[in-house]
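Notebook open, structure loaded. I'm jotting down what I look up as I go.

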Amino acid sequence: IEEEAEDTGATFAIPDLKKIRSAGQHLLALINDVLDISKIEAGRMELFLETFPVEGMIDNVVTTITPLVEKNGNRLELVLGNDLGEMRADLTKVRQILFNLLSNASKFTDKGRISLRVEREASSDGDIVTFVVSDTGIGMTEEQLARLFEKFQQADASTTRKYGGTGLGLAISRQFALMMGGDITVTSQVGVGSTFTVWLPAQVIDRTKLAMPEIVEDKRSTAELLAASAYTVLVIDDDPAARDMMQRTLTKRGYRVEAAADGATGLEMARALRPNLITLDV
């Protein structure tokens, strides 16, 4: 639509179209984050293991993230260890972890330095691949660090207002790392910067598939099975278009969705339905 506006000379509409696109991208990111954290908590998030070259994956990440790094006048430094070799892991989740960390570093750093260091080390349990993301950004206090990996948490309210975000990226990233047998740690100093360290086994084992439970036939109907398994999401939004989009998106993902047009109605429905998740237009 933006291209059409330019071609037809309707340049007055372009700023509004950019705002609409930005709002849509933010809403889509929020929906995807909420779906990811819901799947993790429900035990429905799966690993899709594949073998891939570590250096090739890093090249892809750097190519994608570089425009965002440069947006605030930052420079990206890449330090790769020798013989990084291949990993067997969930490629999509490894990339998402690195995207989240590098995106945060870019967002909270202005005209500074962001670095990504990757190393492979041998251990008694097999090789470990370590990814270290450092920045010279605003940093965090000990109190902020203590709640950093909690859901819907950011450093403080002013951070949300100034920088945006859902407060789910780091919680999701750490859960992904834990699912693959690794973890994420962080050190930070206010006004100096932050360093996030991700370590993952080079050969990830999907522990959810190690023990195969006995298969017992469930004779309930398809409708009964769906009703029993579906998570209920209550969408509260005064915008009919936003409600409709949320309902369609979540329903396609297998969630039972109820909607309310205002807070008072939403509160009554929340008491009656006891939904697993509530989304609010704030």
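Contact, in my notes, means heavy atoms within 4.5 Å. This is a predicted model, so I take local features only at pLDDT of at least 70 and side-chain atom pairs only at pLDDT 80 or more, while totals for chains, interfaces and linings use all residues. Residues are numbered from 1 along each chain as its sequence is written, and side-chain values use heavy atoms, with hydrogens and water left out.

**Entry: confidence**

I checked pLDDT, the predictor's confidence in each residue from 0 to 100. The protein chain averages 80, and 75% of the residues score at least 70. Residues 159–165 fall below 50, yet this stretch has 13 contacts in the model beyond near neighbours in sequence.

**Entry: the chain overall**

I count helices (H or I, at least four residues) and strands (E, at least two) as DSSP runs, numbered from the N terminus. The protein chain has 10 helices and 10 strands. Of its 282 residues, 38% are buried; my labels are buried for under 20% relative accessible area, exposed for over 50% and partly exposed in between (1.4 Å probe, protein chains only). Among contacts with a separation of 6 or more, 69% join residues 24 or more positions apart. The chain exposes about 16600 Å², with 52% of that from carbon and sulfur atoms; the areas come from Shrake-Rupley with a 1.4 Å probe, and for residues only the protein chains shown count as cover.

**Entry: serine 134**

What does serine 134 touch? Leaving out residues up to four places away in sequence, I get Arg113, Ile114, Ser115, Ser194 and Thr195. Serine 134 sits in strand β5 and is buried, at 13% relative accessible area. Its side chain makes a polar contact with the side chain of threonine 195, at 3.1 Å. By polar contact I mean a pair of N or O atoms within 3.5 Å; within protein, one must be able to donate a hydrogen and the other to accept it, and residues adjacent in sequence count only if both atoms are side-chain atoms.

**Entry: cores**

A nonpolar core is a set of buried Ala, Val, Leu, Ile, Met, Phe, Trp, Tyr and Cys residues joined through side-chain atoms within 4.5 Å. The largest one has 42 residues, and Met57, Ile58, Val94 and Phe131 have the most contacts inside it. Elements that each supply at least two residues of this core include α3 (54–71), α4, β5 and β7 (193–201). I also found a second, separate core of seven residues, with Val233, Val235, Tyr255 and Val257 among them.

**Entry: helix α4**

I tested the length of α4 (residues 91–107): at 1.5 Å a residue, its 17 residues should span 24 Å, and the end C-alpha atoms are 24 Å apart, which agrees. The expected span is 1.5 Å times one less than the number of residues. Buried residues in α4 include Val94, Ile97, Leu98 and Leu101. At the start of α4, a side-chain oxygen of aspartate 90 comes within 3.3 Å of the backbone nitrogen of threonine 92.

**Entry: positive phi**

Most residues other than glycine have a negative phi. Lysine 111, in the loop between α4 and β4, has phi near 55 degrees and is exposed at 66% relative accessible area. Arginine 274, in the loop between α10 (263–273) and β10, has phi near 50 degrees and is exposed at 68%.

**Entry: leucine 280**

Leucine 280 lies in strand β10 (residues 277–280). Is leucine 280 buried or exposed? Its relative accessibility is 55%, so I log leucine 280 as exposed. Leucine 280 and aspartate 237 are 43 residues apart in sequence, but 6.2 Å apart in space, C-alpha to C-alpha.
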